[in-house]
Amino acid sequence: MIRLIKRPVQYALSLGCVRWGLTDSNARFGLTFDDGPSPAYTPALLDTLDRHGAKATFYAIGRNLELFPEVAREIISRGHQLGNHSHMHRGFAKLTVAQQLEELERTNELLCALTGNTHFKFRPPRGQLPPQLLLALGKRRQPIQMWTFDSRDYLKDANLVFDRFRQRHPRAGDVLLFHDDGPVAAQVLDELLPVWNLSGLSPVPA
C-alpha cells in the first residue's frame with residue numbers, strides 16, 4: 001500500500017518526481033524487477049530476457065549489491081538498467097526520515113561505484129512513501145518509479161501469475177512489477193514475452 005497524504009503527493013507530482021506508468025508509451029510497456037540481484041535467480045532471468053530481446057530495469061537492494069556485485073555487473077553488461085530499492089528493504093513506514101534517506105543514499109553510492117552514473121530512479125520498499133520522505137525527495141527532485149501492475153510473482157505460484165495476465169494484458173504505458181529473487185519471473189516471462197511481442201507491445205526499462 002502507498003501511504004500518502006494529499007498535499008505531499010501534489011507537491012511531488014508538481015516537481016515531476018513520482019511516476020507510475022511510462023511518460024512516453026508509444027506501444028511500449030515498462031518491465032521492472034525488484035529485490036535482487038540474486039546469483040541463484042538473476043542469471044536465468046537475464047538469459048530469458050536475452051532470448052526475447054527484452055530490456056528492463058532492476059531495482060536492486062544495496063545489501064545484495066555488496067554481496068553479489070558480479071551479478072549486478074552482468075545486468076549492466078547485458079544492456080539493462082539498475083535502480084535503487086533501498087539498502088536493506090526495511091519497511092519505510094517504521095523508519096525516521098533520516099534513516100529512510102540513509103537507506104537510499106547508501107545504495108546510490110554502491111550503484112555509482114558499479115556504473116559510474118550519479119543519478120538513479122528510486123523504488124521504495126513495499127511501495128511505502130511516508131509523507132515526510134516524499135517531501136524530502138521532492139525537494140531533491142529524486143525520480144521515484146512506482147508501477148501500474150503487480151504480477152504477484154513473490155507468491156511463488158506461476159499459475160497465479162499466468163491467470164493474472166490472462167485477465168489483464170499489459171497496455172501501452174504500463175509498468176509491470178516482477179522480482180528477481182525467485183524462479184517464477186523467468187518461468188512465466190519465457191512464455192508471455194513472445195505473446196506480448198506478437199501483440200505489438202515492446203518491453204523497455206522503466
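This is a predicted model: local features need pLDDT of at least 70, side-chain atom pairs count only at pLDDT 80 or more; totals for chains, interfaces and linings use all residues.
Residues are numbered from 1 along each chain as its sequence is written. Local features need pLDDT of at least 70, side-chain atom pairs count only at pLDDT 80 or more, totals for chains, interfaces and linings use all residues, and side-chain values use heavy atoms, without hydrogens or water.

**Stop 1: the largest core.** Select Phe33, Leu49, Phe58, Phe178, Val188, Leu189 and Trp196. These have the most contacts inside the largest nonpolar core, which has 32 residues. (Such a core joins buried Ala, Val, Leu, Ile, Met, Phe, Trp, Tyr and Cys through side-chain atoms within 4.5 Å; buried means under 20% relative accessible area, exposed over 50%, partly exposed in between, with a 1.4 Å probe and protein chains only.) Now show helix H8 (184–198). H8 gives the largest share of this core, 8 residues. (Helices, H or I of at least four residues, and strands, E of at least two, are DSSP runs numbered from the N terminus.)

**Stop 2: Phe58.** Its contacts (heavy atoms within 4.5 Å) include Phe33, Leu49, Ile75 and Asp180, leaving aside residues up to four places away in sequence.

**Stop 3: the second core.** Select Cys17, Leu104, Phe122 and Leu134. They belong to a separate core of 14 residues.

**Stop 4: helix H4 (69–77).** Val71, Ala72 and Ile75 are buried here. Down the axis of H4, its buried residues fall within an arc of 100 degrees, so they line one face. (The arc is taken from the directions from the helix axis to the C-beta atoms.) Their cover includes H2, E3 and helix H5 (97–115). Just after H4, find Gly79, with a positive phi of about 90 degrees.

**Stop 5: cysteines.** Cys17 is buried at 2% relative accessible area. Cys112 is partly exposed at 29%. The structure holds 0 disulfides (cysteine sulfur pairs within 2.5 Å).
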